[in-house]
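Subject: Structure handover

Hello,

Here is the structure for you to take over. My notes on it follow below.

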Amino acid sequence: MLKRLTTATSLFASVAVWQCLPQSALAQSLFDDATSSESQLGAAPLSSTTGSSALAPTAPALDDDLLGDGTPDRAELKVVERTADVTLSGDRPELNDSDDAATVLADNMVLQGDRTLIAAGGVVVWYQGTRLVASRLIVDGASGDLTIEGPIHLSRPGASDPDSESILIADSAQLDRELQDGIIRGARLVIARELQLAADELTRSANGRMTSLTHVVASSCQVCASNPTPLWEIRARSITHDAETSLLTLDHPQLRAFGVPIAAVPFTITAPDPTVERRSGFLRPEFRTTSSLGFGVKLPYFQTLGDSADITLTPYVSASQTRTLEFRYRQAWTSGEAEWEGAITRDDIEPGETRGYLFGNATYELPRGYRLGVQVQVASDRAYLLDYDISDADRLWSGFTLERITRDRLVFGRVGNYESLRDDEDNSTSPNQVADILSQRRFTPALIGGQGVMEWSFHAHRRPSDENIVGRDVARGSVGVDWRRSEILPGGLVGTVIAGLDADLYRIAQDDRYDDYVTRVDPVLGTELRWPLMTSTGGATHIVEPVVQLFWSPRGSNDDIPNEDSQLIEFDEGNLFSDDRFSGWDARETGLRANIGVSWTRIDPDGWSLGLTGGRVLRAHEDDDFPTDSPPAGKRSDWLLAAHYDSGKGLALSNRALFDDSFDFSRNELRLGWQRQGLEVSAGYLWINSDEDEGRDSDANELTATVGWQIFDGWWINAETRYDFAADKAQKATFDVAYQNECLTLEMGLSRRFTESYSVSPETSFDLSVRLGGFGSQKDSSGTVARRSCMR
């Protein structure tokens, strides 16, 4: 739906090595735009028949970040594949082409004594990829010039991309023998089947490269005989089209809407034709009204810097006297790409202060399959990103990453700095400087078989404060090995033997409650039995699989190690059958414990499927490392029950519940997705009870919903809300409307942010943008396009 013009878009690449990402721009501000990318919540792994997620049809896949710290990750840099072949087609034949013969078909043909050819009735001429259709043709034998009577249709159907070619329709014409240069009367030029230019006279020159029209009207709207006034049109003294550069030059253009002049320019301007994807010029303006900044206008200017770089500068002026300059710089190399965006602001919200932000990221391909990433995220103050609708992020990360992933090896590392924008967090006592290194290798032991994984890891974090306890700094080095081997037993049982060993060395500083150096070694032994059963009744397939796991490791306590990375504990299908449910390294499950559960799946021949999973954890002794009210705590954990339904036709439901033996629910999550032609619905409901050990003083009870609906042909609306039932108020709400027909795109958006803190106030904003079709390429939008027809 409605996108901001100045947020970071996908990146680009060099034409010499890669092709730049499509990005149209014009010398007029009315005709084009840039796109933006926004991070959204991921979807559960349920898919519709189209292959996309029906559970959250408007959301991308779940984040696969190795550390999952919740900070905004760098935007995916989109470029043409490095292996892509770039072919430059020769649209224009050489004059000395050996194949210089023309093919002429007509109802009647007469060859006169002076070698003048007269063809009449259904005349069709093919010459060097050009096709001419006319009612009468006279070929001068001496000069080879053509006199043509209409109606005339001149095109190049044999071109590499016929849809992007120009089509000429006229009443009469005089052309040279190459069907390129000459004078055409009563002409209408159609470019890329989108933009139409009608003129009294058209002149072609330079071997068909230059087309000049006089007293011309241009529009991409449907024009009917019964209603000859288009929705919009541009009138000019002349318009010249350069077929090689795909540029239109308009002399003294005047813009009209419903036949009424609304704007005019007393000089010559240039604009790209519909085939252009990237060119310097003004992008379409955006009109924005917010409760804190008032009415404002953004006018982006896009400037190419060669084939592999560009910059966009966007002045933003509002009624509250904000003076903002936004920028975005993008560049690509043979082995990397980079994108930087930011803004500098002086406004009335913080009088006398210079505000701004800078987001940047880059990736580089290194030898031996390594990939280096660089990310920078800084903001002048906590509220700036929200005041200017840049990002909802409340924690920023800047630093370097290095990764290499092969069939049996994983290497990942990063070092950087966190900055919290939350009012209740002090950056001096938070672990800001963080470094992580992780290496994993999969192997097959020669003597005992099975599969093994060897892991090495290093972690260190530092708090800027030098105070005791609140300024604690920690460094950890770990090594671990996991091995398992499975065999099929009599009766179809699948038995697995599991063994593992983890060892850690901690260095703890600025906290006198802990020793400076702490070591820990945790072995684990386990076994697993699965009994997969499958049957078929009435064409439906049923799969039932009970699972029992038994693990043992020496009982111990993690009290001599500060728990920094395992504060939040998840209990779901992903870790029900796991030897350790802690999210990090600082805490581990110990003692004798059993994981029991069963799953059932029904796959119906009509295409729908239903899956249920249930289970719990049993322990010989309570594990003190789990918070008391945590779902996996105690000798018997809460029951886990999860259900997933996929209709196979766009409807999906997913529910996950945790409850005790008395059916008192501690957590419940429901997600719904519905996707069909003209409708996209994604909703989620979350309930989590309070837990002081996990930092929740009150219950979490929220509803999120997003609805996209095509109400009429060409009209698409999108609504989104997030409501907090515990606080009895909405967190945010947005309503967007877009209309698109064959010649116009109108987008409007109204949003309200209800969050309030010491540095952030609630805000309402309204956005409006208009794009005229036919100038520069345009990306597809949601829903259909309202295409009008002249047929009764």
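How many bridges join strand 28 to strand 29, and do they run parallel or antiparallel? Strand 28 and strand 29 (residues 494–509) are joined by 16 bridges and run antiparallel. Please keep in mind that this is a predicted model.

Confidence

The protein chain has a mean pLDDT of 83, with 84% of its residues at 70 or more. Residues 1–67 are a stretch with pLDDT below 50, although the model gives this stretch 245 contacts beyond near neighbours in sequence. Residues 80–98 also stay under 50 in pLDDT, and here the model has 27 contacts beyond four places in sequence. Where pLDDT is low, the predicted coordinates should not be read in detail.

Strands 27 to 29

Back to the strands in the opening question. Strand 28 (residues 473–488) also pairs with strand 27 (residues 451–462), in the antiparallel sense and over 11 bridges. In that pairing, Q451 stands opposite R484 of strand 28. Turning to strand 29, G500 is the bridge partner of D482. Strands 28 and 29 form a hairpin, with 5 residues between them. In the turn, G491 has a positive phi of about 85 degrees.

Surface patch

A nonpolar patch on the surface is formed by L525, L550, W552 and L592. Together these residues have about 380 Å² of accessible area.

Links across the chain

The count of disulfides is 1. The disulfide joins C221 to C743, with an S to S distance of 2.1 Å. The link of C221 and C743 is right-handed, with 85 degrees about the S-S bond. This pair connects distant parts of the chain, 522 residues apart. C221 is in the loop between strand 9 (210–219) and strand 10 (232–242), while C743 is in the loop between strand 41 (729–740) and strand 42 (744–753).

A search of the whole structure gives 40 salt bridges. One of them is formed by the side chains of R288 and D767, at 3.4 Å from N to O. This pair, too, links distant parts of the chain. R288 belongs to strand 16 (residues 286–290) and D767 to strand 43 (residues 763–772), and the two residues are 479 residues apart.

Regards

Methods:
Residues numbered from 1 in each chain as written. Predicted model: local features only at pLDDT ≥ 70, side-chain atom pairs only at ≥ 80, totals over all residues. Heavy atoms only, no water. pLDDT = per-residue confidence, 0-100. Contact = heavy atoms within 4.5 Å. Pairing = 2+ DSSP bridges. Helix = DSSP H or I, 4+ residues; strand = E, 2+ residues; numbered from the N terminus. Patch = residues over 30% accessible without salt bridge, like charges linked within 9 Å, V, L, I, M, F, W, Y side chains within 5 Å. Areas by Shrake-Rupley, 256 points an atom, 1.4 Å probe, with all protein chains shown as cover. Salt bridge = Lys/Arg side-chain N within 4 Å of Asp/Glu carboxyl O. Disulfide = S-S within 2.5 Å.
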